[in-house]
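My notes follow, in the order I looked things up.

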Amino acid sequence: MTSFDLSESLLPKHPIAARVPMVSGLLSANLKWSIRRWCRVLSAIRLTELDQAFVLWGLAALLIFSLAQFSRLSWPVQAVIDASLTGSTVAATSGLTWQIAEIAKLRWVVFLWALLMPLGMVVTAYGIFCGVGSILINLCPLWLGLCALGYLAMAVGMRSRCFGACSLVHGAAIAGLAIHPGWQFFTSGLVMALTLFFFSVVPWDMREVAVSEPG
């Protein structure tokens with residue numbers, strides 16, 4: 001059963017506003033260090049920069065949604081952790097993939113995900129801190145929908161059947177959440193993470209591009 005009980009107050013009984021900036025700063029520093037460490041580990045096992053980006057996003061998704069499913073941390077605290085992790089992962093994966101995207105003329109893909117993920121966090125944070133119930137009960141469809149939209153844009157822009165299928169999987173997962181609503185957070189995280197891990201180890205199709213050296 002998810003740790004998020006919508007019958008309880010979304011804001012803690014004790015004020016946390018003064019502590020959030022400090023907590024967020026500490027989390028960001030620790031997460032950046034952890035992500036750099038994971039990048040070194042992934043490099044050691046001979047994953048390409050693109051594969052590393054897929055794995056990092058998969059780990060981030062699994063951690064964020066596992067916290068939502070199993071942790072007893074309050075929603076505001078989880079929002080701070082999730083935002084810090086998302087921001088650090090966006091920065092790390094953008095750095096890993098920028099040169100590849102520039103050579104393949106696919107910088108728009110980096111910008112696409114760097115826009116979608118913070119957008120999701122802004123909507124999520126608004127729902128949590130402002131107590132918007134319609135957002136809170138649809139967090140999983142929101143994130144699965146953003147991922148489906150991102151993969152669909154990649155499928156069209158890169159003429160990739162793999163990313164098109166991935167978009168359909170995430171769309172179908174939204175409908176499947178109703179089967180076991182008590183496990184929707186873990187289910188969503190698993191769908192996102194397994195898809196990303198799949199792309200990190202299996203070749204995927206895309207259109208041929210005119211490759212040019214950067215600069």
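Before anything else I wrote down my angle classes: under 35 degrees counts as roughly parallel, over 145 as roughly antiparallel, 65 to 115 as roughly perpendicular, and the rest as oblique. Axes are lines fitted to C-alpha atoms, for helices over the stretch in contact, and angles run from 0 to 180 degrees between N-to-C directions.

**Ground rules.** This is a predicted model, where local features need pLDDT of at least 70, side-chain atom pairs count only at pLDDT 80 or more, and totals for chains, interfaces and linings use all residues. I number residues from 1 along each chain as its sequence is written, and side-chain values use heavy atoms, with hydrogens and water left out.

**Overview.** I get 8 helices and 0 strands for the chain (DSSP runs numbered from the N terminus; helices are H or I with at least four residues, strands E with at least two). The chain has 215 residues, and 41% of them count as buried (under 20% relative accessible area; over 50% is exposed and in between is partly exposed, with a 1.4 Å probe and protein chains only). The accessible surface is about 11,800 Å², and carbon and sulfur atoms hold 68% of that (Shrake-Rupley method, 1.4 Å probe; for residues, only the protein chains shown count as cover). For contacts with a separation of 6 or more, 77% come from residues 24 or more positions apart (contact means heavy atoms within 4.5 Å).

**α7 and α8.** How do these two run relative to each other? I find that the axes of α7 (residues 161–176) and α8 (residues 184–201) come within 11 Å and cross at roughly 165 degrees, so the pair is roughly antiparallel. On the α7 side I listed contact residues including Cys162, Phe163 and Cys166, and on the α8 side Val191 and Phe199 are among them. The contact residues divide into 8 nonpolar, 2 polar and no charged (Ala, Val, Leu, Ile, Met, Phe, Trp, Tyr, Cys and Pro are nonpolar; Asp, Glu, Lys and Arg are charged; the others, Gly among them, are polar).

**α6 and α7.** The axes of α6 (residues 139–158) and α7 come within 7 Å and cross at roughly 160 degrees. That makes α6 roughly antiparallel to α7, and this crossing is left-handed. I noted Gly145 and Ala148 among the α6 contact residues, with Gly164 and Gly171 among those in α7. By class I count 13 nonpolar, 5 polar and no charged residues here.

**α2 and α3.** I then checked α2 (residues 49–70) against α3 (residues 75–103): the angle is about 170 degrees and the axes are 9 Å apart. α2 and α3 are therefore roughly antiparallel too. This contact has 15 nonpolar, 6 polar and 2 charged residues. Among the residues that meet are Glu49 and Trp57 in α2, and Asp82 and Leu85 in α3.

**Two single residues.** Leaving out residues up to four places away in sequence, Thr124 touches Leu139, Leu142 and Trp143.

Phe198 lies in α8 and counts as partly exposed because its relative accessibility is 42%.

How values were computed. A crossing is left-handed if the near helix is turned anticlockwise from the far one by less than a right angle, and right-handed if clockwise.
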